[in-house]
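Subject: Structure handover and findings

Hello,

Here is the structure for your files. My notes on it follow below.

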Amino acid sequence: MSRFAISDLLVEFDRAKAYTDALWRDLTSDEVHWRPHADFSAIGWHLGHQAAVSHFMVRNLTAAEPSLDVELDRLMDGATPEPDRGDLPGLERIRVYRDAAAERLHFRMGNIASGDVGAPAQLSEIAVGLIIAVTNHEYQHSQWIGEVRLRDLGRALPERPTSDLLTEVDGYLIIA
């Protein structure tokens with residue numbers, strides 16, 4: 001059995017997502033879409049990629065859910081070459097995509113935590129690993145977003161989250 005409760009890990013995921021949102025919500029559309037060159041992903045791509053990975057994991061590891069947005073799934077996939085990541089949607093569509101992915105994560109993990117699934121003990125272990133991976137991935141990309149925000153856009157960083165479950169490795173926050 002895992003030493004982590006799904007409910008505690010969902011709080012950590014929400015903390016990570018809120019931190020990412022604090023890094024971009026006050027930026028202009030131009031800043032979120034800015035790329036220094038074609039082999040660099042914009043902040044907006046990273047925001048969508050965080051959501052895409054979360055939902056890919058939920059739907060492929062715990063429940064066969066349909067895509068949230070087929071076009072964004074394709075664009076925000078890490079397998080999409082960087083030069084092809086430039087035609088990003090508006091900020092509202094990115095926000096809606098991120099929020100929908102977070103809602104599906106909560107919904108499916110809630111099903112698992114309540115035992116409302118086949119093989120609840122096995123899926124609980126899968127869920128713990130999934131939430132940790134998704135949260136650590138959120139922080140991985142928030143680190144990059146923060147670096148661009150500070151270095152390239154000259155914007156101050158919000159306070160980094162703290163939690164008893166978080167540690168820092170190579171400058172990145174992670175659940176360890």
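Helix 3 (residues 43–61) and helix 6 pack at about 175°, with their axes 10 Å apart. Helices here are DSSP runs of H or I with at least four residues, strands are E runs of at least two, and both are numbered from the N terminus. Axes are lines fitted to C-alpha atoms, for helices over the stretch in contact, and angles run from 0 to 180 degrees between N-to-C directions. Helix 3 and helix 6 are therefore roughly antiparallel. The cut-offs: under 35 degrees is roughly parallel, over 145 roughly antiparallel, 65 to 115 roughly perpendicular, and the rest oblique.

A word on the source. This is a predicted model, where local features need pLDDT of at least 70, side-chain atom pairs count only at pLDDT 80 or more, and totals for chains, interfaces and linings use all residues. Residues are numbered from 1 along each chain as its sequence is written, and side-chain values use heavy atoms, with hydrogens and water left out.

Back to helix 3 and helix 6. On the helix 3 side, the contact includes Ile43, Trp45, His46 and Leu47. On the helix 6 side, Leu123, Ile126, Leu130 and Ala133 are among the residues involved. Contact means heavy atoms within 4.5 Å. By class, the residues divide into 15 nonpolar, seven polar and one charged. Nonpolar covers Ala, Val, Leu, Ile, Met, Phe, Trp, Tyr, Cys and Pro; charged covers Asp, Glu, Lys and Arg; the others, Gly among them, are polar.

**Helix 1 and its partners**

Helix 1 (residues 6–24) packs against helix 6 (residues 120–152) at about 15°, with the axes 9 Å apart. That makes helix 1 roughly parallel to helix 6. Their contact has 16 nonpolar, five polar and five charged residues. The crossing of helix 1 and helix 6 is left-handed. Left-handed means the near helix is turned anticlockwise from the far one by less than a right angle; clockwise would be right-handed.

Thr135 sits in helix 6. Thr135 counts as buried, because its relative accessibility is 0%. The scale is under 20% relative accessible area for buried, over 50% for exposed, and partly exposed in between (1.4 Å probe, protein chains only). Leaving aside neighbours within four places in sequence, Thr135 is in contact with Leu9, Glu12, Phe13, Ala16 and Ile175.

Helix 1 also meets helix 5. Their axes come within 10 Å and cross at roughly 175°. That makes helix 1 roughly antiparallel to helix 5. From helix 1, the contact includes Ile6, Leu10, Phe13 and Asp14; from helix 5, it includes Leu91, Arg95, Arg98 and Asp99.

**The hairpin**

Strand 1 (residues 166–169) and strand 2 (residues 172–175) pair in the antiparallel sense over four bridges. Pairing requires at least two DSSP bridges between the strands. Leu166 stands opposite Ile175. Glu168 stands opposite Leu173.

Two residues lie between the strands of the hairpin. Asp170 is in that loop between strand 1 and strand 2. Its phi is near 55°, a positive value in a residue other than glycine. Most residues other than glycine have a negative phi. Asp170 counts as exposed, at 74% relative accessibility.

**The loop between helix 5 and helix 6**

Ala119 is in the loop between helix 5 (91–113) and helix 6. Ala119 has a positive phi of about 55° although it is not a glycine. At 46% relative accessibility, Ala119 counts as partly exposed. Asp116 lies in the loop between helix 5 and helix 6. Asp116 is exposed, with a relative accessible area of 55%. The C-alpha atoms of Asp116 and Leu61 are 16 Å apart, with 55 residues separating them along the chain.

**His33**

His33 lies in helix 2 (residues 29–33). Its relative accessible area is 21%, so His33 is partly exposed. Leaving aside neighbours within four places in sequence, His33 is in contact with Ala42, Leu88, Pro89, Gly90 and Leu91. His33 and Ile132 are 99 residues apart in sequence and 28 Å apart in space, C-alpha to C-alpha.

Best regards
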